[in-house]
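Please look over these notes on charged side-chain pairs.

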Amino acid sequence: MSTDAGVRAGRYAQATGGASVDSGAAGETATAAERTAAAFAAAGFPKMPARTLLALVSSEHASLTAAELAERLGASAAAVSGAVRYLQTVGFVHRVSQPGSRRDLYALHEDEWYVVSMRNNPAYEKLAALTDATAETLPEGSPARTRVAEMARFYRFLNSRLPALLNEWEREREAQP
């Protein structure tokens with residue numbers, strides 16, 4: 001684990017010191033969450049939103065205030081703000097007002113966040129349309145046009161298969177005790 005990840009894990013352990021988990025378990029959770037967030041980032045997910053998502057997923061109630069996120073992640077308010085804005089845009093989290101408080105919670109959706117985000121995400125459809133537009137600018141019959149058109153077909157394929165894949169996943173989850 002990098003030094004930065006170790007420092008962040010230590011901050012996470014401090015931030016969760018009053019939680020129902022002991023500080024050793026909180027430190028282990030923080031370390032594991034940082035490693036997972038790093039893997040998300042390596043796969044192309046923005047780093048700070050990945051860290052923020054993992055902090056929410058691994059929190060006791062799947063929701064935290066911006067201040068709690070900043071403390072847990074050892075990050076600035078601006079970094080947290082950008083991360084939650086990104087996560088809201090892609091449908092992973094939503095803002096929840098707390099009656100009697102000026103602080104909002106950022107929470108995972110009641111439904112499984114990954115299902116909500118994938119069912120309502122037109123990314124593959126948009127990518128297919130954009131790659132089609134790129135292909136149309138290339139010479140007819142050229143290898144470049146063929147490659148770009150193939151990319152568009154692949155995105156359409158993913159988009160068409162996603163609903164069935166999510167249904168299959170939901171059946172798999174329900175089958176587990």
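Is Glu34 buried or exposed?

1. Glu34 is buried, at 9% relative accessibility. Here buried means under 20% relative accessible area, exposed over 50%, and partly exposed in between, with a 1.4 Å probe and protein chains only.

2. This is a predicted model: local features need pLDDT of at least 70, side-chain atom pairs count only at pLDDT 80 or more, and totals for chains, interfaces and linings use all residues. Residues are numbered from 1 along each chain as its sequence is written, and side-chain values use heavy atoms, with hydrogens and water left out.

3. The count is 5 salt bridges. A salt bridge requires a side-chain nitrogen of Lys or Arg within 4 Å of a carboxyl oxygen of Asp or Glu.

4. Glu34 pairs with Arg51 in one of them, with the closest N and O atoms 2.9 Å apart. The pair links distant parts of the chain, 17 residues apart: Glu34 lies in helix H2 (residues 23–42) and Arg51 in helix H3 (residues 47–57). Helices are DSSP runs (H or I, at least four residues), numbered from the N terminus. Arg51 is buried too, with a relative accessible area of 8%.

5. Arg156 and Asp132 form another salt bridge, at 2.2 Å from N to O. This pair also links distant parts of the chain: Arg156 sits in helix H8 (residues 143–175), Asp132 in helix H7 (residues 123–136), 24 residues apart. Arg156 is partly exposed at 40% relative accessibility. Asp132 is partly exposed at 23%.

6. Arg145 forms a salt bridge with Glu140, the closest N and O atoms being 3.5 Å apart. Glu140 is exposed, at 70% relative accessibility.

How values were computed: Helices (H or I, at least four residues) and strands (E, at least two) are DSSP runs, numbered from the N terminus.
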